[in-house]
Amino acid sequence: MIVDIVSATLILVGCLLAVTAAIGLVRFPDTLSRMHAATKPQTFGLLLVLIGAVVRLGDSVDSGMLILAGLFALITAPVVAHRIGRLAYQEQRARDGLIEERDMESPDRD
């Protein structure tokens, strides 16, 4: 019974964080703010939901797959956020006339 309560609490808190991320995507005005709302609470909410499912499943074979899904989310979320942030920053600079479009994605910048 305690395992069920812990599992349900983790899943509900994770779902609440995912909902706040969705609200942040709608409410925030610019791309960088939306990017923050889409990555931080969404990833943490997903991890809480996955931890709650692992607690509920116990020693099942499916627990390994849930752990792999959580690791995949932790690895890919920062990379995607970085790419989106960099693109939004460069497009804003191009709109303001601070950078030319041919210089936006030059290979020698990395």
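Student: What makes threonine 76 in H3 a kink?

Tutor: The bend there is about 25 degrees, shortly before proline 78. A bend is the angle between axes fitted to the seven residues ending at a residue and the seven starting there. This is a predicted model in which local features need pLDDT of at least 70 and side-chain atom pairs pLDDT 80 or more, while totals for chains, interfaces and linings use all residues. Residues are numbered from 1 along each chain as its sequence is written, and side-chain values use heavy atoms, without hydrogens and water.

Student: Why is H3 called a helix, and how do you know that its length agrees?

Tutor: A helix is a DSSP run of H or I of at least four residues, numbered from the N terminus (a strand is E, at least two). H3 has 34 residues, 62-95. The expected span is 1.5 Å times one less than the number of residues, so H3 should span 50 Å; its end C-alpha atoms are 48 Å apart, which agrees. Just after H3, glycine 97 has a positive phi of about 80 degrees.

Student: What makes Gly70 and Ala77 in H3 count as buried or exposed?

Tutor: The cut-offs are under 20% relative accessible area for buried, over 50% for exposed, and partly exposed in between, with a 1.4 Å probe and protein chains only. Gly70 and Ala77 are buried, and the buried residues of H3 also include Ser63, Ala73, Ala81 and Arg86. Their cover includes helix H2 (31-57). Over the chain, buried residues make up 24% of the 110 residues.

Student: Why is the pair of arginine 56 and aspartate 4 called a salt bridge?

Tutor: The rule asks for a side-chain nitrogen of Lys or Arg within 4 Å of a carboxyl oxygen of Asp or Glu. In this pair the closest N and O atoms are 3.3 Å apart, so arginine 56 and aspartate 4 meet the rule. The pair links distant parts of the chain, with arginine 56 in helix H2 and aspartate 4 in helix H1 (residues 2-27), 52 residues apart. The count by this rule is 1 salt bridge.

Student: Why is aspartate 4 called partly exposed?

Tutor: Its relative accessibility is 37%, so aspartate 4 falls in the middle class.

Student: What is the make-up of the UniProt "transmembrane region" spans?

Tutor: The unreviewed entry places them at residues 6-26 and 64-85; such annotations may be inferred rather than shown by experiment. Residues 6-26 are 100% helix, with end C-alpha atoms 31 Å apart. Residues 64-85 are also 100% helix, with ends 32 Å apart.

Note on methods
Contact = heavy atoms within 4.5 Å.
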